[in-house]
Amino acid sequence: MNKISQKKLFILLPALNEGKVIGGVIDSIRALGFENILIVDDGSKDNTSVICRKKGVFLLRHSINRGAGAAIQTGLDFLKKTDAQAVLLMDADGQHHSEDIDKMVERMRQKSADLLIGSRFMGRNDIPVNRRFFNAIANVLTNIFSSNNYSDSQSGFRLLNRKAIESFNLQIDHFGFCTEMIWQAEKYQLKIDEIPIQVTYNTYSMSKGQQLATGIKTAFNLIFERFFGI
């Protein structure tokens, strides 16, 4: 696989009420030379969109909160109309390290992967117990219906090449999209690979993501999608 041009790599971040941190996340990405930043504001009630406009990034906005999966699909639909070679998905809450982007791009080139998942569990990360628990349950649900065993099926840090961008049509609006993406990738015979990444959890980032109620809802969504959707 040819090296992905930095000018044709987009960084896609779904964002919900991230006004406190989104500016710093954008700055950290730009500091590494990445200019094509696409924010999908998923119905934020704070100043997330205002900050993004001031930063001059590509901005799409849902009028209501639809969920992370819907935000990702909105971004992919936009990118299908561009000449993007690839898109890097990352969370907007600051837990992911922008420094891992180049490592992801190089690994995709080396392995000719279509979907590259940044795994929090292949490296040394201080991951809270509840996040480990949610991920373990999701891994079981994901891997039991997959042809491979994935160490971090719920990672939001992912690199998709053009083939993957064109292939995905996510139906799960909320957190179950991570597993749905893996299942669709296998369905369309895309090559999937994993690579260790670093994450940082703090009080702010821990207030985001899956809690018990959403975790249970995600599990039911996955089961329904497996038997009635895909």
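These are my notebook entries on a predicted model of one chain.

**Entry 1: the whole chain**

I started with the overall numbers. The chain has 230 residues, and 52% of them count as buried. I got nine helices and seven strands for its secondary structure. The exposed surface comes to about 10,600 Å², with carbon and sulfur atoms supplying 54% of it. I then looked at contacts between residues at least 6 apart in sequence: 77% of these join residues at least 24 apart.

**Entry 2: strand 2**

Next I went to strand 2 (37-42). Six of its six residues are buried, so strand 2 is largely enclosed by the rest of the structure. I checked both faces, and both are covered. Ile 37, Ile 39 and Asp 41 are buried on one side, and Leu 38, Val 40 and Asp 42 on the other. For pairing, I found strand 1 running parallel to strand 2, with five bridges joining them. Ala 15 stands opposite Asp 41 of strand 2.

**Entry 3: Asp 42**

An aspartate in that strand made me look again. Is Asp 42 buried or exposed? Its relative accessibility is 3%, and the cut-off for buried is under 20%, so Asp 42 counts as buried. What does its side chain make polar contacts with? I found one with the side chain of His 62, at 2.7 Å, and one with the side chain of Asn 65, at 2.6 Å.

I also listed what Asp 42 touches, leaving aside neighbours within four places in sequence. Ala 15 and Leu 16 are on the list, as are His 62, Ile 64, Asn 65, Arg 66, Gly 67, Ala 68 and Ala 71. Ala 68 is 26 residues away along the chain, yet its C-alpha atom is 7.5 Å from that of Asp 42.

**Entry 4: helix 2**

Then I turned to helix 2, which covers residues 48-55. Thr 48, Ser 49, Ile 51 and Cys 52 are its buried residues that I noted. They sit on the same side of helix 2, because they cover an arc of only 160° around the axis. On the face turned away from that buried side, I found Arg 53 and Lys 54 exposed.

What covers the buried residues of helix 2? The cover includes strand 1 (9-15), helix 1 (22-30), strand 2 and strand 3 (58-62).

I picked out Ser 49 from this helix. It counts as buried, at 6% relative accessibility. Beyond its neighbours within four places in sequence, Ser 49 is in contact with Asp 41, Leu 59 and Arg 61. Just past the end of helix 2, Gly 56 has a positive phi of about 75°.

**Entry 5: the nonpolar cores**

Last, I looked up the cores. The largest nonpolar core holds 31 residues. Which members touch the most others? They are Leu 9, Ile 11, Leu 13, Ile 101 and Leu 159. Strand 1, helix 1, strand 2, helix 2, strand 4 (86-89) and helix 4 (100-111) each give two or more residues to this core.

I followed up Ile 101. Not counting residues up to four places away in sequence, Ile 101 touches Leu 9, Ile 11, Phe 34, Leu 88, Met 90 and Phe 157.

There is also a second, separate core, with 26 residues. Its members include Ala 71, Leu 89, Ile 117 and Phe 168.

Note on methods
Residues numbered from 1 in each chain as written. Predicted model: local features only at pLDDT ≥ 70, side-chain atom pairs only at ≥ 80, totals over all residues. Heavy atoms only, no water. Buried < 20%, exposed > 50% of the residue type's maximum accessible area, 1.4 Å probe, protein only. Helix = DSSP H or I, 4+ residues; strand = E, 2+ residues; numbered from the N terminus. Arc of directions from axis to C-beta. Contact = heavy atoms within 4.5 Å. Core = buried A, V, L, I, M, F, W, Y, C linked by side-chain atoms within 4.5 Å. Polar contact = N/O pair within 3.5 Å; in protein donor to acceptor, adjacent residues only side chain to side chain. Areas by Shrake-Rupley, 256 points an atom, 1.4 Å probe, with all protein chains shown as cover. Pairing = 2+ DSSP bridges.
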